[in-house]
Amino acid sequence: MSSSTADTNAAEHATSYPPSAEFVATANAGPELQAAADADRLGFWADQASRLHWHEPWSEVLDWSDAPVAKWFVGGKLNVAYNCVDRHVLDGHGDQVAIHWEGEPGDSRDVTYNDLLAEVSRAANTFTELGLVAGDRVAIYMPMVPEAIVSMLACARLGLTHSVVFAGFSASALRSRIDDAEAKLVITTDGQWRRGQAAPLKTAVDTAVDGAESVQNVLVVKRTDIDVEWTEGRDLWWHETVATASPEHEAQAFDAEHPLFILYTSGTTGKPKGIIHTSGGYLTQASYTHHNVFDHKAGKDVYWCTADIGWVTGHSYIVYGPLSNRATQVVYEGTPNSPDEHRHFNIIEKYGVSIYYTAPTLVRTFMKWGREIPDAHDLSSLRLLGSVGEPINPEAWRWFRDVIGGERCPIVDTWWQTETGAIMISPLPGVTATKPGSAMAPLPGISAKIVDDDAKPLGAGGNGYLVLDQPWPSMLRGIWGDMERFKDTYWSRYAVEGWYFAGDGARYDEDGDLWVLGRVDDVMNVSGHRISTSEVESALVGHHSVAEAAVVGAADETTGQGIVAFVILREGAENTGETLIAELKVQVSTEISPIARPRQITIVPELPKTRSGKIMRRLLRDVAEGRDLGDTSTLVDPKVFDAIRGS
Ligand code: WT7
């Protein structure tokens with residue numbers, strides 16, 4: 001299991017931090033939430049669903065008869081965009097800022113709910129003009145500009161299913177996602193700002209859509225003003241279409257189970273999975289968790305989630321959760337060190353950010369940069385901090401609390417996945433006495449267990465598998481185009497029990513608090529990004545010199561894990577050493593993304609395999625992390641290791 005286990009054992013005896021009396025006095029969530037969920041779980045979710053505006057009421061909270069495909073709020077009809085935008089304008093909050101947008105080069109723009117309604121309506125009218133109808137798929141490949149959020153909401157408004165592809169992914173990764181979903185429209189920008197430079201983005205789309213049969217149009221937002229190639233009839237400028245369209249648009253209601261989005265994520269095989277999320281249950285849980293876990297107060301808080309909309313965190317906690325709760329939020333386009341390491345703290349000061357939700361890898365990066373950087377700023381507006389994406393080590397947790405949170409802000413360590421759609425396990429800030437490194441407990445309404453191979457629930461101290469033993473509203477409804485894989489991946493491990501297998505290891509400590517230990521499958525977690533070993537392996541094998549590759553995630557102080565690859569060359573391929581290794585790194589960047597680029601590649605004569613021919617990744621991880629090798633007796637040829645270490 002994960003390398004963080006040892007760390008965890010020592011840390012679980014650490015002090016816990018109860019919420020302050022002031023925080024408790026005004027907290028959105030109190031102990032009654034758990035009591036209500038315990039008394040009547042489905043009734044509890046029905047109450048949460050009433051946070052939303054339903055055009056037509058549902059007749060049944062949950063239909064689980066077609067398990068593992070759930071139907072929540074059966075028969076109910078709603079419009080997700082109406083819930084995130086129109087509703088707030090109609091309630092008289094049109095002038096409230098929805099988005100304080102901060103561009104990387106220092107430009108900024110405030111978007112009110114009125115502005116958002118007009119923009120989303122214009123985009124919806126344009127998409128309709130282009131011939132798109134409910135159920136069609138739209139790929140969104142954009143940096144963090146307001147138009148990206150507008151595009152998502154315009155899709156939601158029309159019942160178009162969006163597939164956001166992280167703008168750091170390569171043309172080839174974009175192409176496979178466009179093809180898999182058969183997207184008709186691709187929305188992008190001319191370029192994107194990266195550390196003061198305008199980098200091309202549309203070029204990647206041009207490459208990706210070349211010969212892609214499903215794509216009818218490419219809609220382009222001008223962001224950097226760099227030159228682009230233009231295909232007449234296919235390519236359209238946003239400022240010539242959306243900007244000139246009518247700002248009036250009436251939202252239609254869609255079924256609670258209408259597919260809202262597909263989001264691709266890495267699994268244990270090379271092909272990314274298109275995770276399907278629907279509307280009513282998804283929005284209910286995104287809204288409920290955003291309100292209670294972040295203690296969000298509409299009209300008062302300034303909320304900032306530092307994720308990218310290319311990941312599920314951006315979907316649920318930049319777009320749907322916060323906007324459904326009428327948040328005022330910061331959206332920042334660039335990297336944390338552009339133009340220098342003060343950027344995030346300048347932004348917190350500038351907008352008076354009160355809720356700051358980020359990833360452990362960034363906290364560890366801040367630690368490395370040194371506390372004098374945050375100390376140079378007035379961060380007193382902050383009142384709550386959140387963490388997501390990977391286990392947060394207790395040392396980073398404490399630093400986050402002390403240095404960024406001024407020893408007064410509760411920290412919510414939120415465990416969830418692309419598949420779960422919204423937060424599942426987390427402290428409630430006005431209820432839970434938190435413990436550095438522990439995600440604590442399932443939220444009210446959510447049920448989880450830690451079990452062994454035989455489905456036996458584990459008590460304190462035993463490492464086991466995390467399972468979700470009851471359906472939840474924002475759960476995935478399938479894998480796009482591959483329902484067999486959906487059943488196989490998540491529901492076959494505990495088929496008899498009917499539990500969802502999360503793929504994470506976990507344990508309870510003596511107080512019954514839950515610690516998530518990391519993935520138990522061949523999925524790596526690099527800076528909170530999920531990358532499968534086999535995806536990187538197949539990119540490496542795509543190089544003409546490589547015969548075979550084995551990839552492992554090795555512990556890394558800053559990024560959680562780093563990618564380490566071992567490759568065997570083809571017969572007759574020339575080993576040019578560093579030149580070849582550099583070429584292979586480029587190969588992975590262009591095949592997948594720079595985020596999947598191996599930290600280290602070693603050319604080896606052989607790979608350690610079991611007698612049945614399976615690569616022994618555990619041993620490779622030991623080599624990568626510089627540990628002593630354990631039992632190698634099942635190896636075909638134990639001498640392989642001397643060769644690997646020597647090379
Ligand atoms: C995997 C899901 C959820 C949004 C970002 C990642 C790991 C996530 C935590 C946490 C320990 C965590 C798990 C999970 N993970 N949050 N608070 N503590 N581990 O979404 O890309 O679908 O990855 O991230 O391993 O399975 P994702």
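**Exercise 1.** Find out whether Gln197 is buried or exposed, and where it sits.

*Solution.* Start with the relative accessible area: Gln197 has 55%. Next, apply the cut-offs: buried is under 20%, exposed is over 50%, and partly exposed is in between, with a 1.4 Å probe and protein chains only. Gln197 is therefore exposed. Finally, look up its element: Gln197 is found in strand β10, strands being DSSP runs of E with at least two residues, numbered from the N terminus.

A word on the model: it is predicted, so local features need pLDDT of at least 70 and side-chain atom pairs count only at pLDDT 80 or more, while totals for chains, interfaces and linings use all residues. Residues are numbered from 1 along each chain as its sequence is written, and side-chain values use heavy atoms, leaving out hydrogens and water.

**Exercise 2.** Locate Gly196 and name the residues that it touches.

*Solution.* First, trace the chain: Gly196 lies in the loop between β9 (191-194) and β10 (197-200). Then list its contacts (heavy atoms within 4.5 Å). Leaving aside residues up to four places away in sequence, Gly196 touches Glu104 and Ser338.

**Exercise 3.** Work out why the "binding site" residues do not all gather at one spot.

*Solution.* Begin with the record: the unreviewed UniProt entry places "binding site" at Arg194, Arg195, Gly196, Gln197, Thr313, Asn337 and Ser527. They span 334 residues in sequence, and the farthest two C-alpha atoms are 26.2 Å apart, so they do not all gather at one spot. Keep in mind that UniProt positions follow the numbering used here, feature names are shortened, and annotations may be inferred rather than shown by experiment.

Methods:
Helices (H or I, at least four residues) and strands (E, at least two) are DSSP runs, numbered from the N terminus.
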